[in-house]
Amino acid sequence: MTQSLPGQHPAQEQAFAGRGRPPVVVIGAGPYGLSVAAHLRAAGVPVRVFGDVMGSWRHAMATGMFLKSTPAATDLSAPEPGGRLADFRREHGEPELTELTPIPCDVFVRYGQWFQKRYVGGVEPARVTAVERDPSGAGFVVRADDGQETAASAVVVATGLNGLAHVPDELRHLAPEGPGPRAPVSHTSHHTDLSAYAGRRVAVIGGGQSALESAALLHEAGAEAQVLVRERKVLWGMTPDLARPWTQRLTKPASPLGTGWILAGVCAAPGGVRWFPAAARLLLFRRALGPSGGWWLRERVVGVVPVHTSRRVTGAELSGAAVRLDVAGPGGERESLTVDHVLAATGYRLDLDALPFLSPTVRRAVACVPGSRAPALRGTFESSVPGLYFTGSLAAPMFGPMMRFVAGTEFAAGRIARHIGTS
């Protein structure tokens with residue numbers, strides 16, 4: 001179980017336990033789950049963490065992928081100094097990364113595992129299968145797939161994008177048993193190794209980082225890849241300028257998510273975003289950071305992998321072992337494309353109904369942001385169900401786009417831990 005590590009206060013945890021307070025259960029062991037757990041432990045709050053440490057980053061990212069974020073935007077939130085990515089690199093004798101150094105996903109995974117051992121301690125790999133209100137009316141009952149049942153004073157849902165992958169209806173029917181690597185259609189989150197498609201024709205649907213990087217990896221693995229993009233053009237990030245003149249720094253201030261006053265504002269005050277009208281928050285969530293490719297990826301795609309813009313898939317059907325796609329072109333003309341596999345880089349949909357571990361009673365009691373299936377949250381990240389908190393991407397429609405990225409862990413973990421610690 002949990003071990004004592006730097007930054008923890010086991011004596012305080014025992015004091016809480018001695019008063020009969022059940023632990024807080026954190027569901028998820030990615031950047032947000034680990035950050036929340038680290039702050040709770042430092043505050044002396046008993047906590048149990050369920051999940052696979054950095055699981056999505058290990059199992060839902062293809063080998064060879066890089067983070068789009070810069071080093072300054074990839075720090076998990078530690079309750080004391082010494083937990084940054086730069087600290088991890090320094091401790092292991094590795095050079096510090098700069099904005100001009102794309103971060104390999106495997107480096108970020110090792111950093112998260114190091115953070116867990118340093119600030120969190122034991123994480124239980126069992127999968128949570130049920131979260132129900134305690135019949136007594138105080139707290140929750142949490143059940144896991146290994147048969148254990150835990151009383152919890154509060155529950156923090158930090159499951160990231162697990163279960164939220166979106167495959168459009170035009171493609172989903174190709175795989176009646178569900179999309180996946182062995183089916184005619186899959187989502188980018190289903191893959192850790194794209195080399196299995198060497199020698200095969202693959203259509204990548206989407207125009208963002210996931211689509212473009214997957215296409216590059218497919219090509220480099222020997223697949224015949226092409227990208228279909230709805231937008232009229234593909235957007236690419238600008239190469240960072242480490243010595244921007246003061247005029248640019250003034251007109252386009254930097255933020256963890258990029259340059260510009262809007263991004264700088266929502267990053268500096270995510271709590272303020274919560275006071276926007278729901279429609280404005282959803283618009284900000286959907287439009288603040290549109291699809292684009294990282295600056296360092298451009299040379300691996302442009303002129304290398306065919307990218308077809310202003311293309312929309314209107315239908316798909318199986319043709320033997322292949323897939324025939326019906327595609328609407330830029331002038332409305334119809335095209336037909338035959339491939340061996342379709343890779344959907346079509347993002348994620350925030351939907352409470354995709355969290356099967358929440359009992360129907362609990363799920364129905366969670367108020368949602370009007371116009372969405374994302375939970376409506378108080379300023380403490382607590383939902384309309386007392387003691388049930390949501391963080392990470394599920395909190396983005398309330399607190400803005402920073403919650404979709406690691407950079408939001410500092411704000412979220414601090415708020416959640418302070419509220420639970422004083423409840």
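**Cores, cysteines and a buried threonine**

Cys-368 is partly exposed, with 22% relative accessible area. This is a predicted model. Cys-267, by contrast, is buried, at a relative accessible area of 10%. The cut-off for buried is under 20%. The structure contains zero disulfides.

The largest nonpolar core has 102 residues. Within this core, Phe-115, Val-155, Phe-381 and Phe-390 touch the most other members. Helix H5, spanning residues 105–120, supplies the largest share of the core, with nine residues. A second, separate core holds 18 residues, among them Leu-171, Ala-175, Ala-203 and Val-342.

Phe-381 deserves a look of its own. Beyond four places in sequence, Phe-381 touches a run of aromatic and aliphatic residues, including Leu-388, Tyr-389, Phe-390, Phe-399, Met-403, Phe-411 and Ile-416. Ala-395 and Ala-412 also touch Phe-381. So do Thr-391 and Arg-415.

Is Thr-188 buried or exposed? Its relative accessibility is 11%, under the 20% cut-off, so Thr-188 counts as buried. Which residues is Thr-188 in contact with, leaving aside neighbours within four places in sequence? They are Ala-60, Ser-210, Ser-214, Leu-343, Ala-344 and Ala-345.

Technical notes:
Residues are numbered from 1 along each chain as its sequence is written. This is a predicted model: local features need pLDDT of at least 70, side-chain atom pairs count only at pLDDT 80 or more; totals for chains, interfaces and linings use all residues. Side-chain values use heavy atoms; hydrogens and water are left out. A disulfide is a pair of cysteine sulfur atoms within 2.5 Å. Buried means under 20% relative accessible area, exposed over 50%, partly exposed in between (1.4 Å probe, protein chains only). Contact means heavy atoms within 4.5 Å. A nonpolar core is a set of buried Ala, Val, Leu, Ile, Met, Phe, Trp, Tyr and Cys residues joined through side-chain atoms within 4.5 Å. Helices (H or I, at least four residues) and strands (E, at least two) are DSSP runs, numbered from the N terminus.
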